[in-house]
Every structure is written in C-alpha cells, then in structure tokens.
Amino acid sequence: MHRCFVVISMAWLAGACADPDSPPALDAGVVDPPLRAVTVTVEARRLPMADVPVFTSTADGRFIAEGVTDAEGKVTLMGGATATALALDTRTAPIGDDDEVRLELTQIDPPVPSSTWAIDIATPPPPNLGLRLVTPCYRGSVDVPSVDSTSVTGEGCGRTETLGLVADGTLGDTHLARATSVAGAPARFETWHGIQPIEITAHVS
Amino acid sequence: MTTWTYAELAPDFRYWLREGLPVGLPGVVAVSLDGGGHYARRFEDAPPALTVEATDFLLPLQPPVLYGDAQGLAVRLTDTGRAFDDCEVVFQAESPGFMLWTIHTGPLADANHVVRVPALPDGRAIRMISGVEVTCIENRDFADPTRPERTAVGASRR
C-alpha cells in the first residue's frame, strides 16, 4: 500500500485552496476503467527511451503499479486511467481505449545515437552552398560532403524511414527534398522544392 | 507576436523554417501571441500571403484553480462549455529533486474539469514551486484540414 503525503509550501497556493477539507470532486461521469494490462511506450523525439520509471494511476491520482521501460521504450503494467513517465520532465497522459499510451518526453538522455544512412542524390539541388541531412528525431542536421556522397554518418535516428535533405543557398534560396528508404535501399532524393517567403499580416491589437 | 513555419516531410516529420513555405510540400504557418495561444493554418502549397485577425484566436482560458489536501494535488479548469482535443497542465515541483510536470487531459467535451496530480509510487511528497500554466488545443495536427489548429492558454493567479 502506497501512501502519499503532499507538501504545499507556497502561500499563494494555500490561498487558492478555498476549502482544504473539500477537495474538488472528479467530474460527473468520470469512472475508473477496470484494471487490465496496459502498454506504455516512452519516447523522446521518436527515439525509444529505455530504463524510464513508469507508473499507472486511477482517475483520482491513486497509485496502481510501476515498472521500467525496456530497450524499445515499452513496459506493460496494470492500469488504470493514466500513466506517468517519471523523469526530469515528468509526463502524464490518459490511457487510450486500446489500452495503450505513448508518453513523449522532451529530454534526451542518453543523447541521440550515431547512425549511418545510405543516400542517392539523383538530382543535384539548384543551389549548392551546403547540403544537410535531417531526420525526425533530431533537431540538428548532419553535413553531407557533396552531391556525390552515398553514405552519411551523424546524430539522428537510423530507424526512421523518411529523410530530408536541405540545400542551403543564398538568403531566401533554400531548397528541400525528401526521400524514403525502403528495405535498406539508399534513400533516393529526386525532387527539390524551393522555399518561398510569404507575407503575413496580423491585426490583433 | 511570433510567426513560425514548418514543412511537412512526412506525417510525423516536420522541418522547421525561419520563413516561408516549400512549394509543393504541405506546410504550416502559425502566429503566436506573446503570452497567448497560437493560430496555425496548413497549406498544400505556399500561399502568397496570410492575414490574421484578432478574432482568429481563441479566447484565453480562465485561470486554473489549485487545490491541495491529504489526497494530493489537483488543478481545476473552469472553462465550462468549451471543448478541446487535449489540455496540458504544466508546473514545476520538487520531490525532492526538480521535476517538470506535464499532465495531458486527453479530449475534453467540457473544460470544467478536475486534473489530479498522480501520487508518486513511493509516497514521496510533491512540493509545487511554480504556478500552473494550461494550454488547450483544438483541431490538433489539423485533424480537419479545412480548419486552423488553435490553442488557448491560461495561468494561475500569483
């Protein structure tokens, strides 16, 4: 049996508690789902997060069960209305009707691993002051030495299927291509899209 | 006011741009109000221009009300009658180490709603060290591509 003692030290918070003996009731109609096995997946920028403590709770916040994610970022627990990933950025979300929930953390620890991608730049970009490879799981980019490069190594998720290739030009002359790697074949970049600035007007005073 | 754009390379892959949209790829233009919510439109092709009016933005949320008792902590949202795809309740806490909590509500048919902070497995105390900020979103990820994605925000009174 787990018990929770809550410390509230902020004066403003105490002031917000109009009646500490009458905590807010759950919304009418909120009923705890029956206990059943639920699958929790913890990711950060689409990378599975291993060894993250996870626990499930009832709708009114009572603890049910806890576990730790495996190498695929998954753990199966008894639940429950919600699941919580207990990390530096602690995230709670309701468990879906399919008995699954995905918790997306923003913290990456350990850092994004290094990967190698096979690429084929079938059509050179119009501008070519520098090529960069981008992946969904990493906000940075990996420099591509030249349009003749067939392999690139850097930080980013290797399991992703869709890749982006950014060709830097002079200001306002950037181009973008995307490619999908199928069955381990090189990601083939063929079509480039120019980025055109648009004018945005806001009347919000 | 802040404006940002991104290109969608795949449904789960957005490439952030400083300005503009890539022709031939779906892209998003969003305008965020300082301390307020955002209004975003998705385009299959780059529009030449976009004009945003004050009425395009959602009204702010009512300040969330905080509660604490022997059962734990709770946050009440009081936007009766407003529906959202999801709301995020964010606050900082110590337990005893620093924790940044983000609690998703899931879909709310009525944002008059109590959000309970889950009790920790080992019974550790949770000490809130910040106010509470709430962000609620409608038409998340452009589920209806003909409508904008919009957010409304609210914060507890200090």
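Between chain B and chain A there is one salt bridge, a term for a side-chain nitrogen of Lys or Arg within 4 Å of a carboxyl oxygen of Asp or Glu. B:Asp12 and A:Arg46 form a salt bridge, with their closest N and O atoms 3.6 Å apart. The model is predicted, so local features need pLDDT of at least 70 and side-chain atom pairs count only at pLDDT 80 or more, while totals for chains, interfaces and linings use all residues. Residues are numbered from 1 along each chain as its sequence is written, chains are lettered from A in the order in which they are written, and side-chain values use heavy atoms, without hydrogens and water.

Contact (heavy atoms within 4.5 Å) involves 60 residues from chain A and 73 residues from chain B. By class, the chain B side has 43 nonpolar, 17 polar and 13 charged residues; here Ala, Val, Leu, Ile, Met, Phe, Trp, Tyr, Cys and Pro count as nonpolar, Asp, Glu, Lys and Arg as charged, and the others, Gly among them, as polar.

The buried area between the two chains is about 5,600 Å², and carbon and sulfur atoms give 63% of it. Buried area is the accessible area (1.4 Å probe) that two parts lose on being put together, summed over both. In chain B, the residues that lose the most area to chain A are B:Phe13, B:Tyr15 and B:Pro121, together 12% of what that side buries.

Strands also join the chains. Strand β16 (residues 193–196) of chain A and strand β3 (residues 21–22) of chain B run antiparallel and are joined by two bridges. Strands are DSSP runs (E, at least two residues), numbered from the N terminus, and two strands pair if DSSP finds at least two bridges between them. B:Leu21 in β3(B) is the bridge partner of A:Gln196.

Definitions and conventions:
Helix = DSSP H or I, 4+ residues; strand = E, 2+ residues; numbered from the N terminus.
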